Amino acid sequence: MATAPQTDNMKQDTSATGCRVPYRVFTDRQYYEREQENIFKGECWSFVGLEAEVPQAGDFKSTFVGETPVILTRDTDGGVHVVVNRCAHRGALVCREMRGNRASLECVYHQWAYDLKGNLIGVPFRRGLKGQGGMPGDFDMSQHNLRQLRTETVGGLVFASFSETVESCRDFLGPIVVGQIERIMCKPITVLGDQRQRIHGNWKLYAENTRDPYHASLLHLFHNTFGLYRSTQTGKALMDSSKRHSLLYSIAASNDDAADKQAYGDSRTFDTEFKLQDMSLLKGRQEFDDNITLVILAVYPNLVLQQIQNTLAVRQTVTYGPDDFELVWTHFGYQDDDEEMQAIRLKQANLIGPAGLISMEDGEAVEIVQNAIVGEERATSYIAMGGGRAEDADHLVTEGAIIGFWDNYREMVGFDLEPA
Amino acid sequence: MALPSLEQMQVQHVAAQLNALHAELIDDDRLEEWPDLFEEKCRYSVISAENHNRSLNLAAVFCDSRGMLVDRIVSLRRANIFPAHAYRHILGPTRVVSSNEQIISAQTNYVVLMTRNDGQTSIYNSGKYIDKIDFSGGAPRFVSKTAIFDTHLIDTMMVRPI
């Protein structure tokens, strides 16, 4: 690569403390391909769905690990399984529906059939027809199953891994993540519906976004205006011991108008004049004894489990390419929700998702970065708020968890791939 | 099919005109006037066919008062951050499903085209409206409007009403 002469103001100061991420990791296809191998098909557990999405024997859901199509199934013994959605014969999609119920999985192309665990159970004309054709004598059905992934569930969340060597899912998640999953998944849930959002940017920009409490009160102005969440709230940013996952939470009881005015002054992010005509949008119930009203649990590599007021949801990242991903929001409540609670959750759903009054900006935040870094080979971001290290914080003015993500990424993918 | 009576044609005209005005106010960015097309006590929801067809009620946008519609618009103007864009609604014919002296039930196919700052226009959302319209008073107004959209993959965000 030729180095162009630089003037002083084009040079980046790399001496100060902080994390610098080369922008090409968001744009270069080589990184994307390495991520598919080393992260999504590597030593990781990826989120694939909720057990509640496949409650009955024969239920299935088509989804993805990274970009690889997979099927989540429930077998007749009650177990859940994840298999690659690709026929062992000539590679066709076995499940072409988003979800459904079937006794077995059958490829439409040549009707090769698999049981709900992914084992091959039928090959038409295997012994030929009227003495003609048929599979070779040494054809062994048991060697042609769907690719079966390791599958584990934690609190009703289903995770899958391509790796035979990765630690158990619980160990991969660590006690902070498992504890938070079990806190939210404390009783049987019921799925309320899905929302899907296409974001024209790199999936890692969203991984940063969900580990970033610094932006919350500055980008999402609905929060500030209505006192749902403020940087002056009591909050914490914690990581697991590997620092790949992140837990951000805050407690609403600490809202303090005077402190807010001091912190924000007259900046655009704080507008006390703004009043809702219909306050029923914010009507909710305290559901947890710990007074925590906001949890953003970002689980490496592709999951966010969230509680925002009374909205409960998982957000799954599906990658399409270096500058394209889908975010699948699956909202849920508890099976024992009374009618009023169901109504509260459906109304508060206005707050989150692609049309969410407090979350719609995140798609734009990803895209304005992607649009600005196009073609950039050398420059890096600079991440240092809160001290510039992957450290926990008992406040929300930090980017420590973003650095934790990048430390793990650097280990699994590296920052210094040579252009192909 | 029997020829429509004059009254049936009037009812059909009312429903189609109200839908056309609904589209026009949104497309022309006259969003502050948009809530006035609804009754004070109303329901407006924008829900994916993916959810609707499974009898799941989770909507992208769900408002059950005119005040909530106003709040959506004020939030769009004052709080939300999103890529600059314009909508263009293309409406199919409105079919009156049933009517009595007060309420018209009607449905209308729609496509919303989106044009962003880069000048490209794309199909942003396609679906159908299922409406209940009260035309007993002076101006006809929506008692309920449900946009059931096929385009369940929402491009970046949804801030403007459908």
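Biologist: Which residue stands opposite B:Ser99 in β4(B)?

Modeller: B:Ile104 does. Bear in mind that this is a predicted model: local features need pLDDT of at least 70, side-chain atom pairs count only at pLDDT 80 or more, and totals for chains, interfaces and linings use all residues. Residues are numbered from 1 along each chain as its sequence is written, while chains are lettered from A and ligands numbered from 1 in the order in which they are written.

Biologist: What makes β3(B) and β4(B) a pair?

Modeller: Strands (E runs in DSSP of at least two residues; helices are H or I runs of at least four, all numbered from the N terminus) pair if DSSP finds at least two bridges between them. β3(B) and β4(B), residues 103–116, have 12 bridges in the antiparallel sense, so they count as a pair.

Biologist: Why are β2 and β3 of chain B said to stand at the edges?

Modeller: The open sheet runs β2-β1-β6-β5-β4-β3 in chain B, with mixed pairing. β2 (61–63) and β3 (85–99) each have a single partner strand, so one side of each has no neighbour in the sheet. On average, neighbouring strands there are turned by 20 degrees against each other, direction ignored.

Biologist: What makes α1(B) a helix that packs on this sheet?

Modeller: Contact does: C-beta atoms, placed from the backbone, within 7 Å. Helix α1 (residues 6–27) touches β3, β4 and β5 (121–134) of chain B, and its direction makes about 165 degrees with that of β3(B). Angles run from 0 to 180 degrees between N-to-C directions, on lines fitted to C-alpha atoms, for helices over the stretch in contact. Helix α3 (residues 66–78) of chain B lies across β1 (38–48) and β2 of chain B, at about 60 degrees to β1(B).

Biologist: How many residues does each chain bring to the contact between A and B?

Modeller: Chain A brings 34 and chain B brings 29. On the side of chain A, β11(A) gives the most, with eight residues.

Biologist: What makes β11(A) and β7 of chain B paired strands?

Modeller: They share three bridges in the parallel sense, and the rule asks for at least two, so they pair. A:Arg198 stands opposite B:Asp155 in β7(B).

Biologist: Which residues of α7(A) are called buried, and what do they pack against?

Modeller: A:Ile344, A:Arg345, A:Leu346, A:Lys347 and A:Gln348. Across chain A, buried residues make up 45% of the 420.

Biologist: Where are the domain bounds of chain A?

Modeller: Domain 1 is 46–129 + 137–154 and domain 2 is 175–412, with bounds from an automatic or database domain assignment. Their C-alpha centres lie 34 Å apart. Nine residues of domain 1 are in contact with 16 of domain 2, and β1 (residues 46–50) of chain A supplies three of them, the largest share on the domain 1 side.

Biologist: Where does pLDDT stay under 50 in chain A?

Modeller: Over residues 265–271, for which the model has 10 contacts beyond four places in sequence. pLDDT is the predictor's confidence in each residue, from 0 to 100. Where it is low, the predicted coordinates should not be read in detail. Chain A averages 91, and 89% of its residues score at least 70.

Note on methods
Buried ≥ 20, exposed ≤ 12 C-beta atoms within 10 Å, placed from the backbone. Contact = placed C-beta atoms within 7 Å.
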